[in-house]
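Dear colleague,

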Amino acid sequence: MHVGIIGVGLMGHGIARNILMRGGFTLSFLDHPGNQPTDDLTSLGANACATPAEIAAIADVVILCVTGSPQVEAIITGENGIASAIKSGAVVVDCSTALPDSTLRMAEIVRQAGGDYIDAPMTRTAKHAHEGTLNLLAGGSAEVLDKVRPVLAAFTEKVDHVGLLGHGHRLKLLHNYVSVGFMTLLAEAAAQAADAEVDPQVFVDVLANGGGASVALDRLAPYIINQDRDGLPFFVSNALKDIDYYRDMSKASGARTTVADGVSEALAAPVNDDQGDAFVPELVRLFRKGPDS
């Protein structure tokens with residue numbers, strides 16, 4: 001199969017490299033200023049394309065790895081978009097974090113154009129993308145999923161078929177709400193501990209040996225102790241986007257958002273302070289009281 005990928009950023013670059021190196025597939029990617037450096041991909045035989053339509057015209061599988069629903073919708077429906085040129089029977093695999101209602105609309109447009117659609121967001125980090133050990137939450141037809149499994153196997157450790165089309169993105173937002181929510185709460189507690197001059201190692205050890213033991217603690221501990229932010233290169237602005245997507249999804253279904261509203265407010269403060277490009281572990285610093293507090 002000829003594979004196309006749109007979005008060669010922190011996550012997409014690792015996906016693309018493993019499609020080439022581990023999967024041995026022919027690869028085309030969208031040339032875009034938001035990409036990571038692509039010299040290694042082109043040296044492995046990947047081909048840069050100018051538009052999504054150019055990719056759709058030649059690819060059997062098109063992987064989307066972009067920021068969110070507005071970007072996906074533009075790629076699918078925009079001028080020179082995927083829907084304008086997709087091959088009959090080709091499959092779009094949307095690995096982005098997106099709103100389920102938008103996913104269903106985009107899938108219908110792709111189907112009307114002759115293709116198929118799977119939503120398959122990721123639940124691990126850029127490190128796992130480069131190692132080829134991502135986990136995917138796939139929604140859609142089991143038959144369509146099986147068709148693309150050989151490609152997905154090149155960059156994943158586990159692919160769970162979680163239900164109907166849209167359920168992958170729904171579960172991704174549920175997952176990120178819990179994950180980002182935990183880390184936001186922990187960062188606020190760590191900031192208070194730092195303001196009170198609590199030994200950071202003692203703080204981490206107390207949580208790790210009690211009810212605070214968690215993946216959130218594992219991810220933030222290097223920053224809490226040593227100000228090492230690089231274990232989780234996830235922008236605060238993207239964390240806020242995911243929480244607000246969760247709130248939108250919840251409100252559309254009539255679910256409560258009391259806690260999610262608080263998490264959104266906490267994350268919005270640094271974003272509105274032009275700190276959206278900070279990594280999530282840096283919330284520990286950003287949540288500390290100011291000199292005039």
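Which residue in β8 does A138 stand opposite? In this predicted model, the residue opposite A138 is H161. The two strands concerned, β7 (residues 134-139) and β8 (residues 156-163), are parallel and pair over six bridges. Together with helix α7 (residues 142-152), they form a right-handed β-α-β unit.

Strand β5 (residues 91-94) has a parallel partner in β4 (residues 61-64), to which four bridges join it. Four bridges also link β5 with β6 (residues 116-119), again in the parallel sense. V92 takes part in both pairings: its bridge partner is V62 in the one and Y117 in β6 in the other. Right-handed β-α-β units are made by β4, helix α4 (residues 69-77) and β5, and by β5, helix α5 (residues 100-112) and β6.

In a regular strand, side chains alternate between the two faces of the sheet. Both faces of β5 are covered, with V91 and V93 buried on one side and V92 and D94 buried on the other.

As to the nonpolar cores, the largest comprises 35 residues, and F203, L220, I224, L267, L283 and V284 have the most contacts inside it. At least two of its residues come from each of α8 (167-195), α9 (200-208), α10 (215-226), α11 (236-253), α12 (258-272) and α13 (283-286). The greatest contribution, nine residues, is that of α8. Beyond its neighbours within four places in sequence, I224 contacts A190, P200, F203, V204 and V284. A second, separate core has 34 residues, among them I5, A16, A138 and V159.

Yours sincerely

Terms used
Residues are numbered from 1 along each chain as its sequence is written. This is a predicted model: local features need pLDDT of at least 70, side-chain atom pairs count only at pLDDT 80 or more; totals for chains, interfaces and linings use all residues. Side-chain values use heavy atoms; hydrogens and water are left out. A nonpolar core is a set of buried Ala, Val, Leu, Ile, Met, Phe, Trp, Tyr and Cys residues joined through side-chain atoms within 4.5 Å. Buried means under 20% relative accessible area, exposed over 50%, partly exposed in between (1.4 Å probe, protein chains only). Contact means heavy atoms within 4.5 Å. Two strands pair if DSSP finds at least two bridges between them. A crossover is right-handed if, with the strands pointing away from the viewer, the path from the first strand over the helix to the second runs clockwise.
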